Amino acid sequence: MLTKFNLRRGYVAFCLSGGLSLICLSVFLFFKYKDDATSLQVTSILICFESGIIFLISCCLIKLKSKLNTQKTLELSRPKVFKPTLGFELVRDDIGKYVGIDCDHDIIIVLHLSESIYDARNLSDLLSYECKDSTVIFRFDDAHIPIFSISANNTEESQSFCQNLDRYLNSSGYRGVVAL
């Protein structure tokens, strides 16, 4: 499915590869013509190098905008009492997904910007959760959002999140949320 996040990801990949290619090309041309370059060749090399830098800056700005957009949405829409507990957050700014748990108030927030999903709910609505490699899958007692999945940045991050959730739910004698 073509979403603005897939387009953004494609554009970032294009800018990154294009920028690096142009910079490498300009360095190659510089060393090739450094002794006997004409003014046209020097101008071409500089334009090539500057274009590469512009592509890389564009890539960085898009990633920064995506991160700020996710953070802004969270700040504006989360409950005032919500403060995620350390070790209970998974954030993927590049795809606009977030899961956070406040253990003090038993609140879980799920956010997916490209699908306009924002849901703050009681942790008791969580039926089960599952860790598969770097992906964490949550199942809720809700017809609107029965399943929510998020891929962590790496397997260690997702495993650590699930282990923290296991410890919390088992230590507090929680009402029977099942880890698959």
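A disulfide is a pair of cysteine sulfur atoms within 2.5 Å. In this predicted model, that rule gives one disulfide, between Cys131 and Cys162. The chain has three helices and eight strands, and 36% of its 180 residues count as buried.

**Fold and surface**

- Along the sequence the elements run in the order α-α-β-β-β-β-β-β-β-α-β.
- Among contacts in the chain with a separation of 6 or more, 53% are between residues 24 or more positions apart.

**The disulfide**

- The sulfur atoms of Cys131 and Cys162 are 2.0 Å apart.
- The torsion about the S-S bond of Cys131 and Cys162 is about 90 degrees, so the disulfide is right-handed.
- Cys131 belongs to strand 5 (residues 126–132) and Cys162 to helix 3 (residues 155–171), so the pair ties together parts that are 31 residues apart in sequence.
- Cys131 is partly exposed, with a relative accessibility of 22%.
- Cys162 is buried, at a relative accessible area of 5%.

**Other cysteines**

- For Cys15, the closest cysteine sulfur is that of Cys59, at 6.2 Å. A disulfide requires the two sulfur atoms to be within 2.5 Å, so the sulfur of Cys15 is too far from that of Cys59 for a bond.
- Cys15 has a relative accessible area of 0% and is buried.
- Cys103 is also buried, with a relative accessible area of 12%.

**Residues with positive phi**

- Asp106 is not a glycine, yet its phi is positive, at about 55 degrees.
- Asp106 sits in the loop between strand 2 (97–102) and strand 3 (107–112).
- Asp133, likewise a residue other than glycine, has a positive phi near 55 degrees.
- The loop that holds Asp133 runs between strand 5 and strand 6 (135–140).
- Asp133 has a relative accessible area of 60%; exposed means over 50%, so Asp133 counts as exposed.

How values were computed. Residues numbered from 1 in each chain as written. Predicted model: local features only at pLDDT ≥ 70, side-chain atom pairs only at ≥ 80, totals over all residues. Heavy atoms only, no water. Helix = DSSP H or I, 4+ residues; strand = E, 2+ residues; numbered from the N terminus. Buried < 20%, exposed > 50% of the residue type's maximum accessible area, 1.4 Å probe, protein only. Contact = heavy atoms within 4.5 Å.
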